[in-house]
Amino acid sequence: MTESLQDATILYTWGTKTAQRRFCKTCGILPFYTPRSNASDGGYGVTLACVDFGNNGPRVEIRKFDGVNWEKSFRETSIANESK
C-alpha cells in the first residue's frame with residue numbers, strides 16, 4: 001500500500017507561512033521542503049540523507065547560511081538559485 005504525501009507527512013509552517021516543511025509522521029525526518037527563499041518560483045530543498053544514490057552519489061558543496069539573520073543572508077548569498 002502506498003500512502004499519499006498528505007497521509008504520510010505533517011505540514012508545518014510558521015512566520016510568513018511562505019516556507020512549507022513536511023515531516024514524516026513515522027520518524028520525524030524532514031525529507032523535503034519548500035523554502036522561503038524562492039517558494040513562488042517552485043523551488044524546493046531535499047534532505048540528501050533521504051535519497052538513495054547507490055554508488056554514484058552527486059558531488060555536494062556545503063554553504064553556510066545564517067538563519068538567525070535571514071534577510072541579510074538572503075541578500076548576500078545566491079541561496080534562491082540553489083533550490084530551483
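First a term I need for the sheet: two strands pair if DSSP finds at least two bridges between them. Helices (H or I, at least four residues) and strands (E, at least two) are DSSP runs, numbered from the N terminus.

**Ground rules.** I'm looking at a predicted model, where local features need pLDDT of at least 70, side-chain atom pairs count only at pLDDT 80 or more, and totals for chains, interfaces and linings use all residues. Residues are numbered from 1 along each chain as its sequence is written, and side-chain values use heavy atoms, with hydrogens and water left out.

**Confidence.** I checked pLDDT, the predictor's confidence in each residue, from 0 to 100. The protein chain has a mean of 82, and 95% of its residues reach 70 or more. Among the elements, β1 has the highest mean pLDDT (92) and strand β4 (residues 45–46) the lowest (82).

**Layout.** I found 2 helices and 4 strands in the protein chain. Reading along the sequence, I get α-β-β-β-β-α. The C-alpha trace spans about 45 × 35 × 20 Å along its principal axes.

**The sheet.** In what order do the 4 strands sit in the open sheet? I wrote down β1-β2-β3-β4, with antiparallel pairing. β1 and β4 are at the edges with a single partner strand each, so one side of each has no neighbour in the sheet. Then I zoomed in on β4: strand β3 (residues 32–34) pairs with β4 in the antiparallel sense over 2 bridges. Phe32 has Val46 in β4 as its bridge partner.

**Ala19.** Is Ala19 buried or exposed? I had to look up the cut-offs: buried is under 20% relative accessible area, exposed is over 50%, and partly exposed is in between (1.4 Å probe, protein chains only). Ala19 has a relative accessible area of 11%, so Ala19 is buried. I located Ala19 in the loop between β1 (9–12) and β2 (20–24). Leaving aside neighbours within four places in sequence, Ala19 is in contact (heavy atoms within 4.5 Å) with Tyr12, Thr13, Thr34, Pro35 and Arg36.

Of the 84 residues, 18% count as buried. Among contacts between residues at least 6 apart in sequence, 18% join residues at least 24 apart.
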